[in-house]
Amino acid sequence: MLEMVNINVGNVLKNLNLTVEKNEFVLILGENGAGKTTLFNTISGGVRPRSGVVRIDGADVSNAPQWVRASLVSNVFQDPKVGTVGNMTIRENLNLAYTRGKARRFVIGGSRERDDLFKEKLGVL
């Protein structure tokens with residue numbers, strides 16, 4: 001569950017209150033400059049609120065750095081080139097994303113088990 005209570009960020013998010021329950025689907029719409037990106041950056045930790053509380057699954061992550069939140073929150077960017085490494089294969093990028101927010105050591109490639117997991121999730125079996 002995501003809960004944001006009295007969030008204030010710059011002149012964009014003012015006394016924002018938002019609760020998203022587990023398995024609930026929410027769509028955020030707005031014009032350019034309306035605060036959509038600021039909202040998502042506040043959730044993921046890229047932007048810290050001036051005041052208010054951000055909770056994920058009941059834990060207060062308001063002051064947690066972005067790398068800590070990475071195991072709880074992920075972003076899908078509008079531009080597919082953002083958030084990927086262009087000179088790596090799709091498989092290598094999937095393996096890099098899979099280990100995000102986890103204790104890891106970087107190894108090019110992956111494992112057969114992970115490959116099978118990716119194929120299952122992508123419906124490629």
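A contact means that heavy atoms lie within 4.5 Å. With that definition in hand, the tour can start from the whole chain. Among contacts between residues at least 6 apart in sequence, 39% join residues at least 24 apart.

The model is predicted: local features need pLDDT of at least 70, side-chain atom pairs count only at pLDDT 80 or more, and totals for chains, interfaces and linings use all residues. Residues are numbered from 1 along each chain as its sequence is written, and side-chain values use heavy atoms, with hydrogens and water left out.

**Stop 1: the whole chain**

Display the chain as a cartoon. The chain has four helices and four strands, in the order β-β-α-β-β-α-α-α from the N terminus on. Helices (H or I, at least four residues) and strands (E, at least two) are DSSP runs, numbered from the N terminus.

Next, switch to a surface view. The chain exposes about 9200 Å², of which carbon and sulfur atoms supply 53%. Such accessible areas come from the Shrake-Rupley method with a 1.4 Å probe; for residues, only the protein chains shown count as cover. Of the 125 residues, 25% count as buried. Buried means under 20% relative accessible area, exposed means over 50%, and partly exposed lies in between (1.4 Å probe, protein chains only).

**Stop 2**

Select residues 2-9 (E1) and 13-20 (E2). These strands run antiparallel and are joined by five bridges; two strands pair if DSSP finds at least two bridges between them. Val 9 has Leu 13 in E2 as its bridge partner. The two strands form a hairpin with three residues between them, and Gly 10 in the turn has a positive phi of about 50 degrees.

**Stop 3**

Is Asn 8 buried or exposed? Asn 8, found in strand E1, is buried, because its relative accessible area is 9%. Show its side chain and look for two polar contacts (pairs of N or O atoms within 3.5 Å; within protein, one must be able to donate a hydrogen and the other to accept it, and residues adjacent in sequence count only if both atoms are side-chain atoms). A polar atom of this side chain lies 3.3 Å from the backbone oxygen of Asn 6, and the side chain also reaches the backbone nitrogen of Asn 15 at 2.9 Å. Leaving aside neighbours within four places in sequence, the residues in contact with Asn 8 include Pro 49, Arg 50 and Ser 51.

Asn 6 is also placed in strand E1. Although Asn 6 is not a glycine, it has a positive phi of about 50 degrees. Asn 6 counts as partly exposed because its relative accessible area is 39%.

**Stop 4: helix H1**

Select residues 36-44, which make up H1; Leu 39, Thr 42, Ile 43 and Ser 44 are buried here. What do the buried residues of H1 pack against? Their partners are strands E1, E2 and E3 (51-56), together with helix H2 (66-69). After H1 comes Gly 45, whose phi is positive, near 100 degrees.

**Stop 5: Phe 25 and a surface patch**

Move to Phe 25, in the loop between E2 and H1. Phe 25 is exposed, because its relative accessible area is 74%. With Leu 27 and Leu 29, Phe 25 makes a nonpolar surface patch of about 450 Å². Patches are made of residues with over 30% relative accessible area and no salt bridge: like charges are joined within 9 Å, nonpolar side chains (Val, Leu, Ile, Met, Phe, Trp, Tyr) within 5 Å.

**Stop 6: Asp 57**

Select Asp 57, in the loop between E3 and strand E4 (59-60). Asp 57 is not a glycine, yet it has a positive phi of about 50 degrees. Its relative accessibility is 60%, so Asp 57 counts as exposed.

**Stop 7: the salt bridges**

How many salt bridges does the structure hold? There are two, a salt bridge being a side-chain nitrogen of Lys or Arg within 4 Å of a carboxyl oxygen of Asp or Glu.

Select Arg 55 and Glu 3, whose side chains meet in a salt bridge (3.1 Å, N to O). This pair links distant parts of the chain, with Arg 55 in strand E3 and Glu 3 in strand E1, 52 residues apart. Arg 55 counts as partly exposed at 28% relative accessibility, and Glu 3 counts as partly exposed at 22%.

Finally, select Arg 91 and Asp 115, whose side chains meet at 2.9 Å, N to O, in a salt bridge. Arg 91 lies in helix H3 (residues 90-98) and Asp 115 in helix H4 (residues 112-122), so the pair ties together parts that are 24 residues apart in sequence. Arg 91 counts as partly exposed, because its relative accessibility is 35%.
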